Amino acid sequence: MKQISKRARVLTGGAALVALGAGAFGAVSANAATPAAAPAAVVKADAKNKNTTTSTHLTIDAATKAARAALDAAEKENQRVSVAVVDRNGNTIVTLRGDGAGPQSYESAVKKAYTAVSWNAPTTELAKRLEQAPNRKDIPGTLFLGGGAPVTAKNAPIAGVGVAGAPSGDLDQKFAQAGVDALAK
């Protein structure tokens, strides 16, 4: 193996230091040439200036109470159903799948609850409205069959209770309403 002379080592090391220094200088120069970002505007967000709003949501305990009441009402009539409670945005808060409920009932219950809260109306009523607007049934995530009931506060929808699995939409609707009614107790 050939040894590198002392002169070559000094020149190589010097060149490396110059390159390193030039890179650091360039980074500092580029940073100095870039103006500092202006601070973001501060917006006061409080109830007085109307930049915010307050909304009402069901607690997990209230959602569970409604779901349990709907499932209990169905079980009293020997019906095997699933129950879902969704919030105002359609997010599932709680679901209960009753013993022996069909596999399709879970998803149907969620969709019925979502449909009820979205239109602030029982899904049995919404199903009747399809005659005037049949393309409404094509909206993703909705199901226009009996079994969905809205939960309201100050006349505004805050949640939906959906029930699916009974042999008729009228029974599903009855059980969903039992869930909503339980919240008034």
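Buried, in this talk, means under 20% relative accessible area, exposed means over 50%, and partly exposed is in between, with a 1.4 Å probe and protein chains only. Helices are DSSP runs of H or I with at least four residues, strands are DSSP runs of E with at least two, and both are numbered from the N terminus.

With those terms, strand 1 is mostly covered: 6 of its 6 residues are buried. I will come back to that strand.

First, the ground rules. This is a predicted model, in which local features need pLDDT of at least 70 and side-chain atom pairs count only at pLDDT 80 or more, while totals for chains, interfaces and linings use all residues. Residues are numbered from 1 along each chain as its sequence is written, and side-chain values use heavy atoms, with hydrogens and water left out.

Now the overall layout. The protein has 5 helices and 4 strands, and from the N terminus on the order is α-α-β-β-α-α-β-β-α. Of its 185 residues, 32% count as buried. The accessible surface, from the Shrake-Rupley method with a 1.4 Å probe and, for residues, only the protein chains shown as cover, is about 11900 Å², and carbon and sulfur atoms account for 57% of that. Contact means heavy atoms within 4.5 Å. Among contacts between residues at least 6 apart in sequence, 62% join residues at least 24 apart.

On to the sheet. Two strands pair if DSSP finds at least two bridges between them. The 4 strands make an open sheet in the order 2-1-4-3, with antiparallel pairing. Strand 2 (92-97) and strand 3 (148-153) stand at the edges with a single partner strand each, so one side of each has no neighbour in the sheet. From one strand to the next, the twist averages 15°.

Which strands does strand 1 pair with? Strand 1, residues 82-87, pairs with strand 4, residues 156-164, in the antiparallel sense over 6 bridges. Strand 1 also pairs with strand 2, again antiparallel, over 5 bridges. On the strand 4 side, Asp87 stands opposite Ala159 and Val83 has Val163 as its bridge partner. On the strand 2 side, Ser82 is opposite Arg97. Strands 1 and 2 form a hairpin with 4 residues between them, and Gly90 in the turn has a positive phi of about 85°. As for side-chain direction, Ser82, Ala84 and Val86 point one way from strand 1, while Val83, Val85 and Asp87 point the other way, and all are buried.

Axes are lines fitted to C-alpha atoms, for helices over the stretch in contact, and angles run from 0 to 180 degrees between N-to-C directions. Helix 2, residues 60-76, lies across strands 1, 2 and 4, at about 30° to strand 2. Helix 5, residues 169-182, packs on the sheet and touches strands 3 and 4, its direction making about 20° with that of strand 3.

How do helix 2 and helix 5 meet? Their axes come within 7 Å and cross at roughly 140°. That makes helix 2 oblique to helix 5, on a scale where angles under 35 degrees are roughly parallel, over 145 roughly antiparallel, 65 to 115 roughly perpendicular and the rest oblique. The crossing is right-handed, that is, the near helix is turned clockwise from the far one by less than a right angle, with anticlockwise being left-handed. Helix 2 contributes Lys65, Ala66, Ala69, Ala70, Ala73 and Ala74 to the contact, and helix 5 contributes Phe175, Ala178, Gly179 and Ala182.

Finally, a few single residues. Leu126 lies in helix 4, residues 123-129, and counts as buried because its relative accessibility is 0%. Leaving aside residues up to four places away in sequence, Leu126 touches Thr115, Trp119, Ala121 and Phe144.

Gly141 sits in the loop between helix 4 and strand 3 and, at 33% relative accessibility, counts as partly exposed. With the four-place exclusion applied, Gly141 touches Lys111, Tyr114 and Thr115.

Two asparagines have positive phi. Asn78, in the loop between helix 2 and strand 1, has phi near 55° and is exposed at 70% relative accessibility. Asn155, in the loop between strand 3 and strand 4, has a positive phi of about 65° and is exposed at 73%.
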